[in-house]
Amino acid sequence: MKEILKLSLKLFLVFMLVTSLQAVSPRQWELRSREDFLKGKFSGTSLSSDGVLSIGFRIEKIELPVEEFYLSIANGPDGSLYVGTGHGGRVYRIGRDRKAELYFQAAEMDVTCLAVDPKGILYVGTSPNGKIYKVTSKNKGEVFFDPQEKYLWDLLLTDKGNLLAAVGESAGVYEITPSGSGKMLFKARDNHILRLVLSRNGELLAGSGGRGQLYKVSLSGRVSVVFDSGYEEIRNIVQTREGYIYVSASGQPSRMVATVSTASETEPVRIDTEVSLVVSTSGAARVASETAPARAEKKPVGTVSGAVFEISPEGLSRKIWSSAEEMVYSLIPDSDRLQLLLGTGNQGRIYGLDTRGQFELLAQESSEQIFELYRLDNQILVLGNNPCFLGILQPGQNFSGEYLSPVLDARILSNWGRISWEAEFIPGSTVQVQSRSGNTAEPDETWSDWSPPYARPDEKILSPAGRYLQLKVNLKGQGGKALPRVQRVLVFYQQNNVAPEITRLEILPPNQVFIKPPEQDEAILGLDQASRESARKKDESDFYLTPKKGKRQGFRTLKWEASDENEDDLTASIYLRKEGETDWRLMQENLTDKVFSFDTRNFPDGTYWLKVEVTDLPSNPPGTEKKAEKTSPPVVIDNSLPVIKNLQVARTGERLEVSFTAEDAYSYIAEVKYLVKSDDWKLVFPVDGICDSRSENFKFNLKLPQASDNLLIIRVKDSFGNVGVYHHRF
């Protein structure tokens, strides 16, 4: 029995200790909306358009030789697949057995585009200072066409058997015959032509880099701008059977100039800008980069942005997707799901986007960029970079998946409460959540290990107290038949109470006060103390009137700023102590305004100190509150009038010679004026030329005005505004 009592006492003491540390109100952190979940990382999981977390699509990896980048992909009529690499200039062929072999080695660094004709002949476009190679079989290739351009970005075979080549840095499109002779089809006032697509009526659509424009070359050879995106690049073009065109744009907005001409009409006008085309190990390095002029505004290196636009057959455009953090590297139609598929970076995500602008996250890979989505028969191939991989997006879901939440920053050392979630628990599926905590913004080796799984909602979080918390949601299903769906994850936590801080304390000059603005709400007469807090609450839309400064003789004003990391409500108490005393006198308590004024005429002249004490008691139980205090610089109270001593006045004819000493007990002499009627007040300076002390000597001569009443009036003002007036008849 004694052991039970001892244990109960220990538990009670622990409870009291925790209660004293956790005096602030509990808080909650919630993942509920699509935007909330998108801040985390998905591994084998997906996110629906309405923000429901579930098991995602499976990407089956194909083993390939290790390379820095994969930059291009194409397929042959025999079902083989070709992949071009970056920084190695190699082309690999992948047979139906999924075995990769080195098929061609180019002299240039990057294989940026590939095309295969119906006979199985492979055309290889390289950069920089690249050429087009014609490869008839393994290791048998020769230069087919040299456009004398720095970059080759896309190759497209026409029904006539001609090859179209998109080039930069002098943007244009070449048309090359099967014999290898080529000519410039058109030249754009741009830096790069990045993508070529033949429309259903045989017209050529071309997306540019530099101005981010969509060009159309009609069957008659006329070139026009269909759409100006306002971004730097149009990287992808998709046209539907109904004639709608979808384009992906990326980069920073460029100048809105839509001038284009055929090659025979005029020379192009160079426009300097920056175009980001191929990512490298840094996630944002460029294969092609033009120096931007000083007038152009650029985002910091490493930042990305992108959008998808819909252009109607009539030429009307609208933005259906955009992101300030992700850019679209690849855009293809997915007729099976009646949507577009977006491969993005720099978070390695694949989205499904419908024409209404609703999107869902289908998959996320550890690679930073989904560089290319490529349809081969009934399969969708996925080309990723940083690190590079090639995979197949499988139509069926994974059997399990994991979601890693963004890091919760509680801002202060906190104790974790319970964790809860809302999910559809379909028979055969499970949802488990784990947690870990630490005190660094990025999880590292100093963080705790992952907790044991929480199998049921409303369990107590087992991770140690800390500032940061992260969750891992594990989902298991039965291959598309029983998929768990998580709609909401909720965490309760309580910050340790910390003391408020007085960040600023200011004494206003003597006699300066703040004038309270007129009440914006009707005041309740005779309101009891307990009801005043609720009566003070106003709608957030109420207009706030800033108080103005005014003058009130004898008043001093104290102003301060205070903050609380717990965001607790604060009140202040003001104390006063006179020089030579040891005790502080309470002047006012429970102040919510951060200003205090008092009439110094209620106090003897002398030197005083003011102290502000701030407490978070309104947001914490009594006995658990925290306080902070700050003492002001010395404050002089001076309400005595300045005096004149040793006044001497001598008249000689129409002139007066005047001398005296002006003194004040606590403040310096600020101003001295005299008056002899019927003249005006005249300012006079002391003998040393400046009023800067409590005692000043004055000596001056004046000429008496006509009709003088033989009365000299002297007015002395000290720095506190106290005025002494003295009369002398002569």
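**Salt bridges and aromatic contacts**

The count of salt bridges comes to 28 in this predicted model. Glu30 has a relative accessibility of 26%, so it counts as partly exposed. Arg32, with a relative accessible area of 44%, is partly exposed as well.

Next up is Lys61, which forms a salt bridge with Glu365, and here the closest N and O atoms are 3.1 Å apart. This pair ties together distant parts of the chain, 304 residues apart: Lys61 is in strand S5 (residues 57-62), while Glu365 is in the loop between strand S30 (359-364) and S31. Lys61 shows 44% relative accessibility and so counts as partly exposed. Glu365 comes in at 18%, and because buried means under 20%, Glu365 counts as buried.

Arg467 and Asp409 make another such link, with their closest N and O atoms 2.7 Å apart. Again, distant parts of the chain are joined: Arg467 lies in strand S38 (residues 466-476) and Asp409 in strand S35 (residues 408-424), 58 residues apart. Arg467, at 29% relative accessibility, is partly exposed, and Asp409, at 33%, is partly exposed too.

Turning to the rings, a search of the whole structure picks up 20 aromatic pairs. One involves Tyr329 and Phe371, whose ring centres are 5.7 Å apart; their planes meet at 40°, so the pair is tilted. That angle falls between the cut-offs of 30 degrees for stacked and 60 for edge-to-face. Tyr329 belongs to strand S27 (residues 327-334) and Phe371 to strand S31 (residues 369-376), so that this pair, too, links distant parts of the chain, 42 residues apart. Both Tyr329 and Phe371 are buried. Elsewhere, Phe596, Phe598, Phe603 and Tyr608 come together as one aromatic cluster.

Arg577 lies over the face of Trp584, at 5.0 Å from the ring centre. Lys611 places its charged end over the ring of Tyr575, 5.0 Å from the centre of that ring.

Technical notes. Residues are numbered from 1 along each chain as its sequence is written. This is a predicted model: local features need pLDDT of at least 70, side-chain atom pairs count only at pLDDT 80 or more; totals for chains, interfaces and linings use all residues. Side-chain values use heavy atoms; hydrogens and water are left out. Rings of Phe, Tyr and Trp (its six-membered ring) pair if their centres lie within 6.5 Å; planes under 30 degrees apart count as stacked, over 60 as edge-to-face and the rest as tilted. Helices (H or I, at least four residues) and strands (E, at least two) are DSSP runs, numbered from the N terminus. Buried means under 20% relative accessible area, exposed over 50%, partly exposed in between (1.4 Å probe, protein chains only). A charge sits over a ring if NZ of Lys or CZ of Arg is within 6 Å of the ring centre and within 35 degrees of the ring normal. A salt bridge is a side-chain nitrogen of Lys or Arg within 4 Å of a carboxyl oxygen of Asp or Glu.
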